[in-house]
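Here is a short briefing on one protein model. Read it with the structure open beside you.

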Amino acid sequence: MPEDYAEEYRKAIHNARNKVLNPRSGVPKEAYKVLMSLYARMISDINKDIGREAITAERANDLKRLITRRFNDLGDQLGMLFSRGKKKITEGAAEAHAIAVERTTTAAGVSSFSVSFNDIPDRALETMMLRRGLNAKNYQSVIKRGLQRAATDIDDYLASAVGRGVSADRAAKELAGILSRNNDTVLGLVEDGRLMKSNINKALRTGEIDVMDYRDASQILYDSRRIVVTEINTAHREADLLAQDRSPIVKASKWQVSGRHYGLPSSPCVCTVYHETDQFGLGPGVFPTRNFPSTPHPHCGCYPEAVIIEDPAQWGTGGEPLQEPNDFTEDQLQTMFSDKTDYHMKRQIDTANKYLNLAYQFADKRFAKG
Ligand SMILES: [Zn+2]
């Protein structure tokens, strides 16, 4: 009786994926919570720095120095938070395949393979850097730029506070409103009676402070949130792909779209092209793992699903090798885009070809030594 080993493998992967990527309890959510609490703590600390004395020109200079230091500390903490998040998620992705191999070989009654996924997390992070054009500190430079811009806004605010001769109490509230952009989650985490949302709103209203005039001061909060989600998802994807490439039971990788993909007004798009087209003769959406493209647009929820070698006798003989890809053509995809404008179709095909070729060129160099 033939067993469905693919199902066994997929189940193990899905369970592991749901654990680390769970929207309510997974790594991105956890990192988001830490990010919010770090940010709230910074606001509390700045509140203490402001203390009870009025903001004079002299104090403003000291305060500026203190606030800049708080921001820099936050930048360091966020750097560590991102590193931890990425490490954890890549470990999760690698472990998933270790478990899947174990379960599948046990189910098939074949002796286990001596395959190790231990180096996958490090390799995944390295791959991320290389793929990104060698800019290893991408998120850090975003944060650094954000901190510089924020400093200018803080300067402007302090000058305005001095000019208006505001009390320490008012300054603390106004600044908390500016730094949080009135974000409920952040303000809910700030532990100080004088910085309640209602107090803050009242201070902003009566002081005629528009938090949007000081957008840059809070941009770091929004940028970090976006970066932490993107970075963690990308790290997971890289580790998953490397583990698929390593796994003795995985043959290739299938482009899977998220559940809501076909309901989106932008569909069909480049992801539909990847998902539905049989470009490598391996079936619709199936790529040799090393040919698998990076996410072709922001907020792409697609992911690589392991395609399993069905016959246990063939396990360990290697997956599909890297292939020089053929470009997608308009002729080939006319039907898929029949409801869309020519312009949309051309753009999607161009993008599909761009990431298809980037993946090939990258892998051709990266795996040149085997
Ligand atoms: Zn997508």
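**Strands, sheet and core**

K254 stands opposite V286, a residue of β2. Keep in mind that this is a predicted model. The points below start from the sheet and then turn to the nonpolar core.

**The sheet**
- Three strands make up an open sheet, and their order is β2-β1-β3.
- The pairing in this sheet is antiparallel.
- β2 (286-287) and β3 (303-308) are the edge strands. Each has a single partner strand, so one side of each has no neighbour in the sheet.

**Strand β1 and its partners**
- β1 covers residues 250-256, and two bridges join this strand to β2.
- Six bridges join β1 to β3.

- Helix α9 (residues 215-246) lies across β1 and β3.
- Helix α9 runs at about 15° to β3.

**The nonpolar core**
- The largest nonpolar core has 87 residues.
- Y9, Y39, I43, L175, A176, A239 and I308 touch the most other members of this core.
- Helix α3 (residues 57-108) gives the most to this core, with 12 residues.
- Domain 1 (5-222) and domain 2 (250-366) each supply at least three residues to this core.
- In soluble globular proteins, nonpolar side chains tend to be buried together.

**A look at I43**
- Which residues does I43 contact, leaving aside neighbours within four places in sequence? I43 is in contact with A176, L179, S180, V190 and L195.

Methods:
Residues numbered from 1 in each chain as written. Predicted model: local features only at pLDDT ≥ 70, side-chain atom pairs only at ≥ 80, totals over all residues. Core = buried A, V, L, I, M, F, W, Y, C linked by C-beta atoms within 7 Å. Buried ≥ 20, exposed ≤ 12 C-beta atoms within 10 Å, placed from the backbone. Helix = DSSP H or I, 4+ residues; strand = E, 2+ residues; numbered from the N terminus. Domains from an automatic or database assignment. Contact = placed C-beta atoms within 7 Å. Pairing = 2+ DSSP bridges. Axes fitted to C-alpha atoms, helices over the stretch in contact; angles between N-to-C directions.
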